[in-house]
Amino acid sequence: MNTYKLEKKTKVILNSTAIFIAIILMMWAQNSMSSYGLRILNLIAINAILAVSLNLINGITGIFSLGHIGFMAVGAYTASLLTLSVQQKQQVFFLEPLIWPFNSIQLDFFSATIIGGLVAAFFGLLIAVPALRLRDDYLAIATLGFSEIIRIFANYSVSLTNGALGLKGLPNYTNIWWSFSFLALTTWFIVKLTNSTYGKQLKAIRDDEIAARAMGINVKKLRVIAFVVGSFFAGIAGSLMAHLLTTIDPKMFMFVQPTSVNILVMIVLGGLGSTSGAIIGAIIITFLSEWLRFIEGDMNIFGHVFHGIPGMRMLIFSALMVILMIFYRKGIMGEKEITWDYLYNLIMKFKKKAPVEAKVGEE
Amino acid sequence: MSIQNFLQYLMNGVSLGSLYALIAIGYTLVYGILRLINFAHGDIFMLGTYTAFYMITLLSIPWWISFPLAIIVTALIGFSVDKIAYKPLRNAPRVSALITAIGVSIFLESLGVVVFGGRPKAFSFRALHYPKELYKMVVIGGIRIQMLTFVIIIVTALLLLFLVWLIYRTKVGMAMRALSKDIPTTKLMGINADKIIGLTFALGSALAAAAGIMWAMKYPQIFPYMGIIPGLKAFIAAVFGGIGNVKGAMIGGFLLGMMEILIVGFFPQLAGLRDAFAFILLIVVLLVKPTGIMGEKIQVKV
């Protein structure tokens with residue numbers, strides 16, 4: 001079958017048009033959508049950042065990490081401690097005063113988020129160097145262990161994280177401009193990375209580590225790079241999430257929390273190894289988890305009031321996870337990506353097919 | 001710390017450790033054969049205690065029938081979990097099986113929340129009419145020990161003896177050991193692998209249910225997420241002992257329980273980090289000796 005390739009010039013035009021349309025749409029959303037709708041859009045962007053970055057680790061490099069939420073926690077806490085005003089900190093930390101230097105500084109949202117990401121990346125590096133010596137499910141368990149340790153420390157070190165009470169009254173900085181810009185940045189960076197030589201080497205490692213090593217690929221270094229990049233963006237997503245919800249506490253970052261499980265469902269649904277798949281998964285799962293809220297609320301059916309059952313959504317998502325794995329392991333995209341070329345080929349295929357089918361009909 | 005205190009802690013450690021050992025064996029049996037971490041094991045532990053609880057409160061079956069009956073029912077649950085969720089994935093990549101196991105785990109937890117309600121329930125002798133004599137204190141040489149501690153240790157010992165007999169002295173056990181070495185060849189020898197694997201799941205679940213009931217008597221509160229922490233810790237115990245190795249799981253369970261209690265005993269100010277110890281231990285073990293203290297060396301195939 002022929003594959004069609006677009007010219008570079010056409011792609012530039014298409015890209016700029018897409019960005020222009022996206023900006024118009026965002027302006028429209030900002031002005032005329034309800035706050036609930038905006039919140040969902042924000043959540044979609046944040047979840048997509050998480051899914052794309054986890055997909056780099058799990059899907060593209062083949063490191064089965066269960067610790068993503070731990071890095072999100074690190075980013076969320078770091079950024080929140082930096083954006084809270086000094087007065088607010090004194091109010092929040094009434095059990096034990098906050099330690100220096102956090103007790104006397106306040107930064108703007110952008111720097112705080114970037115620093116949050118960097119600290120998460122640093123933790124990622126700390127964890128990656130020892131843990132990536134393991135493989136398969138040992139690695140999964142070790143990363144889960146690390147994220148649990150982070151959470152337990154967040155609960156324990158009261159003078160840094162305010163313990164189980166968490167941080168409250170964070171400034172509500174996250175809006176769709178911030179979240180979608182960061183999503184664009186994340187996607188751009190990770191797509192560039194996966195299409196580079198590094199990315200191809202990462203995929204080689206995933207497919208056959210021993211063969212990759214035999215080809216002279218520095219497996220250890222590349223896996224660490226992928227892990228650290230993934231944790232950086234998880235930290236950024238954590239900061240965005242914290243400033244959207246305006247309150248964080250250690251319980252949010254447990255492995256069994258919907259956030260953690262849903263990210264996994266997103267990348268599995270989208271297709272492990274596909275960045276566009278991760279974004280599609282994030283959109284579907286975020287919508288679904290909002291839409292399914294009606295199950296947990298009260299329902300009135302033919303005059304009967306059925307009381308909502310809390311926990312129903314998690315039940316559906318976990319069942320979805322199992323069903324996907326049994327019947328639909330490839331996910332929506334498999335390992336394919338949606339690119340302009342992909343769309344173009346799709347259109348050409350459709351165009352070519354149509355007359356052929358018509359002919360068959362005539363005969 | 002006096003020697004008395006130390007012995008006191010040691011005794012508590014042994015009773016906690018024996019519960020870990022019982023759960024850890026479930027992980028090890030399944031991992032030994034399928035190379036699958038059955039994440040849902042902790043939740044089967046939870047289902048076991050809830051089954052016992054509802055048999056007594058709803059069906060008013062006396063405790064001495066419901067406890068064994070709950071263990072049998074849980075064994076059936078474990079068997080069906082394997083049939084429904086894991087069996088279709090026998091030839092799938094390991095990551096798919098692992099994701100499924102996580103899915104099943106969260107499914108059972110949420111099912112627990114939906115069906116049983118999220119609020120903790122009291123698993124006390126008053127509510128369930130099991131003998132309150134279990135909570136009596138016995139003083140031996142200045143150490144105060146609950147009767148329950150002895151019961152836990154004795155029941156665990158009996159179950160473990162039974163298990164060792166089953167694995168090393170019966171045909172079923174021989175089939176299990178053969179499967180853990182090489183599934184295709186074992187099938188060629190005319191062994192129904194699916195049946196044995198199902199049986200393994202049932203056996204592991206039964207042990208988890210026994211541990212769950214005793215756990216709930218020790219800490220008399222049950223809730224749908226109760227299986228997570230004991231499950232993870234028992235898994236760590238299994239890795240510690242060398243996952244896939246039954247004796248290793250027993251040793252790992254006892255050691256982990258004793259270490260946990262002793263560390264908290266010696267450094268009470270670190271009690272808040274209690275759950276972190278197990279994870280730190282896990283990571284240290286994985287890094288120093290990934291196959292655990294009793295484990296065999298894994299060969300990477302080229």
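Over all chains, the structure holds 28 aromatic pairs, where rings of Phe, Tyr and Trp (its six-membered ring) pair if their centres lie within 6.5 Å, with planes under 30 degrees apart called stacked, over 60 edge-to-face and the rest tilted. Take A:Phe232 and A:Phe233: the ring centres are 5.1 Å apart and the planes sit at 80 degrees, so this pair is edge-to-face. Both A:Phe232 and A:Phe233 are buried, meaning under 20% relative accessible area, while exposed is over 50% and partly exposed lies in between (1.4 Å probe, protein chains only). Over in chain B, ring pairs link up a cluster made of B:Tyr50, B:Phe53, B:Tyr54, B:Trp63, B:Phe67, B:Phe116, B:Phe123, B:Phe125, B:Tyr130 and B:Tyr135.

A word on the ground rules: this is a predicted model, with local features needing pLDDT of at least 70 and side-chain atom pairs counting only at pLDDT 80 or more, whereas totals for chains, interfaces and linings use all residues. Residues are numbered from 1 along each chain as its sequence is written, chains are lettered from A and ligands numbered from 1 in the order in which they are written, and side-chain values use heavy atoms, leaving out hydrogens and water.

Next comes the interface. Here 39 residues of chain A are in contact with 48 residues of chain B, contact being heavy atoms within 4.5 Å. About 3800 Å² is buried between chain A and chain B, and carbon and sulfur atoms give 83% of that; buried area is the accessible area (1.4 Å probe) that two parts lose on being put together, summed over both. Salt bridges between chain A and chain B come to zero, counting a side-chain nitrogen of Lys or Arg within 4 Å of a carboxyl oxygen of Asp or Glu. Three residue pairs (both at pLDDT 80 or more) are in polar contact across this interface. A polar contact is a pair of N or O atoms within 3.5 Å; within protein, one must be able to donate a hydrogen and the other to accept it, and residues adjacent in sequence count only if both atoms are side-chain atoms.

On the side of chain A that touches chain B, helix 6 (136-156), helix 12 (258-270) and helix 15 (312-327) of chain A each supply at least two residues. Helices (H or I, at least four residues) and strands (E, at least two) are DSSP runs, numbered from the N terminus. Helix 6 of chain A gives the most to that side, with 14 residues.

Some loop residues deserve a look too. A:Thr61 sits in the loop between helix 2 (35-60) and helix 3 (68-83) of chain A and, at 1% relative accessibility, counts as buried. A polar atom of the A:Thr61 side chain lies 2.7 Å from the backbone oxygen of A:Leu56.

A:Ile248, in the loop between helix 11 (219-245) and helix 12 of chain A, is buried, with a relative accessible area of 0%. Leaving out residues up to four places away in sequence, A:Ile248 touches several residues, including A:Ala76, A:Tyr77, A:Leu165 and A:Phe253.

Then there are two positive phi values in residues other than glycine. For A:Asn162, phi is near 65 degrees; A:Asn162 belongs to the loop between helix 7 (158-161) and helix 8 (176-195) of chain A and is buried at 2% relative accessibility. B:His129 has a phi of about 60 degrees and lies in the loop between helix 5 (125-128) and strand 2 (137-140) of chain B. At 59% relative accessibility, B:His129 counts as exposed.
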